[in-house]
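I opened my notebook beside the viewer today.

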Amino acid sequence: MSPHPSRQPHQTASQEREVSRRRVVAGLTGAGAALATRFAVSDTAAAAPGTAGSRTDGTTGHADTVLLGGRITTLDPRHPDATALAVQGSRIQATGTDHRIRALIGPQTQVIHLGGRRVIPGLNDSHTHLVRQGLSYTQELSLAGVRSVSEALRLIAFQAARTPAPQWVRVVGGFSRFQFAERRLPTLDELNAAVPDTPVFLLHLYDRALLNRTALRVLGFGKDTPDLPGSQIERDAAGHPTGMLIAKPNATLLYSTLARLPRLDPESRTISTRHYLRHLNARGVTSVIDAGGGHQTFPDDYEVINRLHREDQLTVRVGYHTFTQAPGKELADFQRIAELVTPGDGDDHLRMIGAGEMLVYSAADFEDFAQPRPELAPAMEGQLRDVLSFLAEKKWPFRLHATYDQSITRFLDVIEQVHGPGGPGVRFILDHAETISEPTIDRVARLGGAIALQHRMAFQGELFRDRYGARAAAHTPPVNRILRAGVPVGLGTDATRVASDNVWNALYWITTGRTVGGERLYPAANRLDRIAALRLMTQGSAWLSHEDTVKGMLGPGHFADLAVLSDDYLTVPASRIPALTSVLTLVGGRVVYAAAEHARLDPALPPVQPAYSPLVTGANTL
């Protein structure tokens, strides 16, 4: 008798895993169908007077909220389009025509008229850094959408004039030099002339940071300040720092310098996070997967998000991974974290998912395309094997920062050493994968892995093309080839430092192939249509967090997470996609953001702190 009774004769571990995955999918589909049956409105009940609210499970009940008169893209393959929907509790009760859904309106039902606007499932950013960004959001000046160096300098100077000593003006990524008409960054001379007295920190991707003279003085940078490994402090002929910090390609110097700037007090960090959640809601975001981040310790830096959860003030559903902060001691760090939390801990609003995206620092293949590809240290395999073995014992899902095919093949070697050719048996994610090759894609599929893609190339595509050529850039990443291989894919942003948190720019990038500077990187064969792209940022992202039966579509039984859009995503000219916003965002049937004709429904927020915030001065817009 075979030691594996469920395995057919001559069935490989990989084949067994595929059968297992199909059974799981079939089971989940059945669960989704059961939910749909429970919440569905029968056609007879919907049409017959006196039976409003009847459901096929035999119970009755009116909707809590009904939306009428819209153009609803449900992404439900059974009923992809609707004009109305009903919400009961936190879930979709039914979708259909206005006539059908009106039957569910009762005396207490809130009725919202959509006026023909497009409605989509709430967007789900599959790789972002919400927890970290929330702690400093109200301190930061954004250059997203700024189109010239002169305008950037004007904004920086405008904010500096309203920032009291000893506070800083800080621009922490989220933009690209190529969005400026000049196709360059400000020079240090220009920055010092624009802001001579207030300290300024200006981060460009994980490529470099510009500090004005006042910032250098405040931080104590001088001739004796050492360079960190893999980085450079640019110096003048006399050896004095100029103010340019360069990753070559290690970004630790940029991280560690930013970490020295003043932090908000605890109460202001809480308010900052609430306003950042609202900022995301205004884009139509209802869920994210947080990938951790450098200088983000667990559990200390998660106290704000936990507090908001306890107080029922989370307006974005957050699934999070734990990110090691201990170079050279990663295994011990994960052992410590495992005593505090387990994947699945939490609920539908805040839940721990797994480990990553940094499992060991020796596996960090930094995505600074201004620099040559980094060669990972020979010690990487042993260190990664130790951590993966521990995670296997705990049955933890994991994700890995993985930019280059050369790195990914080595990571997969270690995964196979630990788990065998059938893969881990838990969901694992490769993040970024810009240069993944076709054989490696197929290997990821055999191992049961998934890939999280982001619009980083929209900010660095020109740098990649100049280094590796247009032909190589045309498949960074090869999204259609990944999908054809059957690899699950979620779409996101990797906000907020190497890219902006504008999810609409990510949808624009993957449907048009264009960068924020307007360059077209991809041919039609490596672009998606708008519905396919939307699926990746809804259903695809939900799969990565094990929530694909309750998120990602507007069907009976799914969460009532949705966005009513400022313009029609399906028909608006492509150039206007990045400017789309939501005029009404619901999470679990609750209004979390409202604007335009729905502005009266917008929930109140506490005033922004600090008083000199760019949100207060007007330097920041959406």
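Predicted model: local features only at pLDDT ≥ 70, side-chain atom pairs only at ≥ 80, totals over all residues.

**Entry: the cores**

I began with the largest nonpolar core, which has 95 residues, and found that Leu-130, Leu-359 and Trp-504 touch the most other members. For my own reference, a nonpolar core is a set of buried Ala, Val, Leu, Ile, Met, Phe, Trp, Tyr and Cys residues joined through side-chain atoms within 4.5 Å. Buried means under 20% relative accessible area, exposed means over 50%, and partly exposed lies in between (1.4 Å probe, protein chains only). Helix 18, residues 503–512, gives the most to this core, with seven residues. I then looked up the partners of Trp-504. Leaving out residues up to four places away in sequence, Trp-504 touches Ile-120, Leu-123, Arg-283, Leu-565, Tyr-569, Ile-577, Pro-578, Leu-580 and Thr-581; contact here means heavy atoms within 4.5 Å. I also noted a second, separate core of 23 residues, which includes Ala-152, Phe-175, Leu-185 and Val-200.

**Entry: ground rules**

Residues are numbered from 1 along each chain as its sequence is written, and side-chain values use heavy atoms, with hydrogens and water left out.

**Entry: the whole chain**

I counted 20 helices and 23 strands in the chain. These are DSSP runs numbered from the N terminus, with helices (H or I) of at least four residues and strands (E) of at least two. The radius of gyration is 25 Å, close to the 25 Å from the globule rule for 622 residues, so the chain is as compact as a globular protein of that length. The radius is taken over C-alpha atoms, and the rule is 2.2 Å times the number of residues to the power 0.38. The C-alpha trace spans about 85 × 70 × 50 Å along its principal axes. I also wrote down that 60% of the 622 residues count as buried. Of the contacts between residues at least 6 apart in sequence, 73% join residues at least 24 apart.

**Entry: Ser-90**

I found Ser-90 in the loop between strand 4 (84–88) and strand 5 (91–96). Is Ser-90 buried or partly exposed? Its relative accessible area is 32%, so Ser-90 is partly exposed. Leaving aside neighbours within four places in sequence, Ser-90 is in contact with His-558, Phe-559, Ala-560, Gly-588 and Gly-589. I also checked Val-587: Ser-90 and Val-587 are 497 residues apart in sequence, yet 7.8 Å apart in space, C-alpha to C-alpha.

Most residues other than glycine have a negative phi, and most peptide bonds are trans. With that in mind, I listed some exceptions.

- A cis peptide bond joins Ala-165 and Pro-166, with omega about 5°; Pro-166 is in the loop between helix 5 (149–160) and strand 9 (169–172).
- Gly-356 and Glu-357 are also joined by a cis peptide bond, with omega about 0°; Glu-357 lies in the loop between strand 16 (350–355) and helix 12 (380–394).
- Asp-494 is not a glycine but has a positive phi of about 60°. Asp-494 lies in the loop between strand 20 (489–492) and helix 18, and counts as buried at 6% relative accessibility.
- Ala-596 has a positive phi near 55° and sits in the loop between strand 23 (590–594) and helix 20 (614–617).
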